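Trainee: Could you take me closely through the aromatic rings of this structure, and tell me how they pair and what sits over them?

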Amino acid sequence: LSAARKVPVYRGRFGPAEAERLLWRAGFGPRPGEAERLAKKGLDGAVHSLTRAKRERLVGPAPVDDDKHSIAPTDAWGHDHLWWLDRMVRTSRPLVERMALVWHDWFATSNAGVGSQRLMLKQNRLFRSRGLGSFEQLLLSVTKDPAMLLWLSGTDNEKGSPNENYGREMMELFTLGANRGYTERDVREQARALTGFRSDWDDDRGPVNFRYDRERHDPGRKRIFGKRGKFDWQDACRLCVRHPNHRSFFVRKLWSYFIPTPPSAATRGALERLYVRNDFAIRPVVEAILKHPRLYSGPRMVKSPVVYIAGMLRATGRGIDTEAWTWLANQAGQQLFYPPNVAGWDDDRWLDTASFHARWNLAGRVLRPYVLKTSAAAPLDPDKLLERALAFWGGPALTSETQRALKSFATRALADADRSWKRTQYPPLVENALRHLIAISPDLQTS
Amino acid sequence: MSDCCREFSRSALLRKAVAEAGSGLPAIEPGMPVPAGTGLDRRSFIARSVGLAVAVYGAGSLSPRFLDHGIAQALAAGPSDTVLVSIFMDGGADSLSLLFPHGDPEYRRLRPKLALRDSGLVFPEDTRLRWHPSAAAFHTLHSEGKLSVLPAVGYTDADQSHFTSRHYWEVGATNPQLRTGWLGRYLDRVGSPDNPLQGVSLDGDLSPSLATAKMPVAALSGAGNYSFGAPGVWGQVEARMLDAVGDLGSAGGTDPALAGARAVTSQSDRLRRQLEPFDTENGFGSPVPYPKSDSDFPDQLAGLASMLAAGLPLHCVALSAYGMYDTHSDQAADLAEGLKLTSDTLLAFQRDLEARGLADRVLTLVWSEFGRRAEENGSDGTDHGAAGIGLLMGSRVRGTMIGEFPGLKNGLDDDGNLKATVDYRSVYCSVLEQWLATDAAAVIPQAKSFARLPILR
């Protein structure tokens with residue numbers, strides 16, 4: 001009976017294909033050879049190397065802008081995006097960055113409302129340092145985070161004139177889910193409990209000196225979720241995390257970032273118990289999800305634009321050397337630090353005809369420095385060209401349908417070479433085209 | 001961006017974010033109005049029947065399929081009679097340079113560094129005035145009687161915030177609370193519930209002047225920019241590669257994410273083929289040359305003309321002109337560059353419409369949120385002013401001056417800004433009644449209090 005209460009663990013073969021999927025779901029895809037190396041660790045070893053990675057090493061060239069100057073993440077438009085993308089590309093701890101991306105979406109804060117890259121990056125550090133620890137601690141830290149205080153009116157919420165913005169979203173979007181065990185009265189009382197934060201205005205720097213000011217806090221009695229007390233902001237957070245509906249919200253939402261179909265009732269129950277038993281720790285739940293059979297045998301997931309582009313850069317070993325990654329990511333629907341609204345990005349809507357076009361252009365931009373000239377030696381052989389183009393991307397696994405379409409393209413294109421100059425010039429062109437087609441294939445848009 | 005004020009760039013960024021996200025404005029400046037259109041739903045879909053990539057706003061619960069159907073029906077019903085194109089010069093264009101008072105003795109005193117030399121492009125209706133040397137195209141249009149000029153249009157007690165003043169122009173009232181645009185309210189009155197192309201924003205985001213309360217409108221992101229090039233691939237190989245995109249999309253399979261990605265790949269391939277006639281490189285089939293530029297502006301108008309020629313049911317269209325008109329410093333070069341491409345492109349658009357036999361159906365309104373201070377500032381630029389310039393272009397416009405140039409001696413207010421001789425809402429009321437044949441009182445608040453101007457011949 002006790003075994004049935006545990007979270008199921010994947011028992012199948014853990015080879016390079018499984019390791020590759022794990023690296024995409026828990027990171028930003030493999031560097032060349034990384035999936036093979038990870039597969040050798042076995043499932044537990046592989047998962048733990050991600051969830052319990054020690055020190056971070058940054059591998060590869062440091063980020064620069066189009067003029068080869070160091071980037072200015074707190075000052076220049078779009079360099080905040082470049083800064084984080086660089087971490088995703090160069091980090092030796094991809095899950096830490098991936099979890100930061102999860103929390104950026106979960107506690108979706110946009111610089112469109114904050115107006116300070118410095119404060120957005122400060123919040124980002126929080127997601128990096130607390131991303132696998134206690135969710136309760138994370139929620140407490142987010143609640144007093146300056147970017148969040150600006151984004152959801154936390155510093156406008158004061159005794160006598162409460163602002164419900166943050167209190168409502170904390171329940172609806174961050175901890176419980178819409179209409180799941182709270183009333184409008186709870187929202188109003190929660191807002192009172194959350195009063196007390198303030199900042200000062202500096203004409204040059206904007207809002208500064210964020211702090212808790214007792215004078216602005218409403219110290220009176222509140223009634224939240226049927227409990228009475230002189231609650232303050234820390235009580236407000238704890239009441240939400242300890243609400244009986246929080247654990248199911250947490251598990252379902254966290255799961256959805258890694259596996260596209262919802263967990264079975266048994267798995268959900270087991271994950272909820274794991275979460276509560278570990279005092280709301282995030283890491284054990286993430287580990288259990290990453291070892292779950294559905295991750296390896298279940299359906300594929302569409303990569304988000306940022307994951308897609310970071311993955312291409314990791315595969316090619318190219319560093320951040322152009323600001324194009326910011327605006328191209330924006331066109332593809334995901335500029336970091338600018339989620340569309342407080343509910344975050346819509347993971348069901350990554351692909352449409354416009355974002356496909358943007359992804360096509362992203363792939364071209366990644367490939368540009370590696371273009372084979374017509375003078376390059378390349379075999380007049382469709383199979384060999386396909387093999388070489390796949391090797392360029394680190395040998396990703398492709399479905400047989402996609403392989404057939406690629407091979408058919410290469411065969412037809414080489415058959416057009418009816419002159420001797422075409423027979424020498426077309427093979428490198430075909431190889432360039434194959435690299436592009438592989439990158440935008442449905443297989444590489446998903447993992 | 002170095003020479004635009006901080007408020008300008010911030011408000012531009014905020015506006016973009018808000019129009020996309022509908023997430024409300026941050027409380028950076030209390031009293032700053034939320035742009036019209038904030039909070040409308042945005043939904044992207046492909047109008048397969050016409051092959052355009054559009055984002056639809058305010059479509060309520062209509063399904064994409066229903067909207068496709070609506071567009072098809074609107075197409076079958078034939079083109080709208082009249083088209084209004086609203087072109088915004090972003091940042092507050094300096095009317096005192098565009099049509100400068102060469103013959104006004106105050107001009108050189110107020111503009112010791114920036115005063116322009118006689119361009120020889122005399123404005124015959126008020127011979128004190130000259131066209132900017134880079135705006136010779138406007139001189140041509142005016143001399144042909146196809147350009148009406150409002151040398152001092154605005155409103156009393158002009159607000160000098162880009163954000164607020166632009167909002168007032170867009171909603172057609174000096175009301176910071178209004179959430180619908182003046183063209184949006186017009187479309188709510190006369191529009192169709194199933195034709196989002198009746199109100200089209202060509203800038204990619206919803207133009208606030210088109211924000212409706214109930215009728216669908218659309219933002220078009222570049223009908224002419226849906227090409228798929230790959231570095232190091234050309235000729236026959238490129239053609240084979242593009243065919244292969246369709247093959248990648250048409251494979252079978254049961255995995256839902258893979259099937260979804262394949263479906264989008266296939267749709268994108270189909271859309272690319274449908275939009276090929278509108279491809280920039282194919283010149284939109286334009287019968288006349290447009291200025292060569294990296295900017296989108298010539299392509300946007302060339303694409304618009306080709307869409308009208310194709311019979312698409314467009315009725316009100318909004319876009320931004322080329323250029324950044326918030327010229328706080330180093331005004332001379334920036335302004336000349338912006339005016340040159342904008343005026344040359346507008347002339348090309350008019351010639352295009354004439355060549356296609358569409359010129360009688362299109363009226364173009366050019367506006368800016370304010371003019372600039374008469375006296376230049378200390379950094380070779382000008383600061384925010386009050387009244388500015390407005391233009392009405394088309395084959396059916398009256399072609400004469402509307403309102404007068406008040407002169408710099410008596411025509412400035414207490415802040416040294418040009419006083420308006422025509423209220424912008426008079427222009428709107430006149431356009432609504434004379435061009436769009438609708439009752440202005442149903443669209444513009446207090447319409448009765450604004451004089452009507454004869455705008456058509």
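Mentor: What follows is a look at the ring pairs and then at the charges over rings. This is a predicted model, in which local features need pLDDT of at least 70 and side-chain atom pairs count only at pLDDT 80 or more, while totals for chains, interfaces and linings use all residues. Residues are numbered from 1 along each chain as its sequence is written, chains are lettered from A and ligands numbered from 1 in the order in which they are written, and side-chain values use heavy atoms, with hydrogens and water left out.

Rings of Phe, Tyr and Trp (its six-membered ring) pair if their centres lie within 6.5 Å, and planes under 30 degrees apart count as stacked, over 60 as edge-to-face and the rest as tilted; by this rule there are 35 aromatic pairs over all chains. The rings of A:Phe14 and A:Tyr296 are edge-to-face, because their centres are 5.9 Å apart and their planes stand at 80°. Both A:Phe14 and A:Tyr296 are buried, a term that means under 20% relative accessible area, with exposed over 50% and partly exposed in between (1.4 Å probe, protein chains only). In chain B, the rings of B:Trp169 and B:Trp367 have centres 5.4 Å apart and planes at 10°, so this pair is stacked, and B:Trp169 and B:Trp367 are buried.

Ring pairs also link residues into a cluster, including A:Trp103, A:Trp106 and A:Phe107.

A charge sits over a ring if NZ of Lys or CZ of Arg is within 6 Å of the ring centre and within 35 degrees of the ring normal. A:Lys303 lies over the face of A:Trp24, 3.4 Å from the ring centre, and the charged end of A:Arg435 sits over the ring of A:Phe392, at 4.1 Å from its centre.
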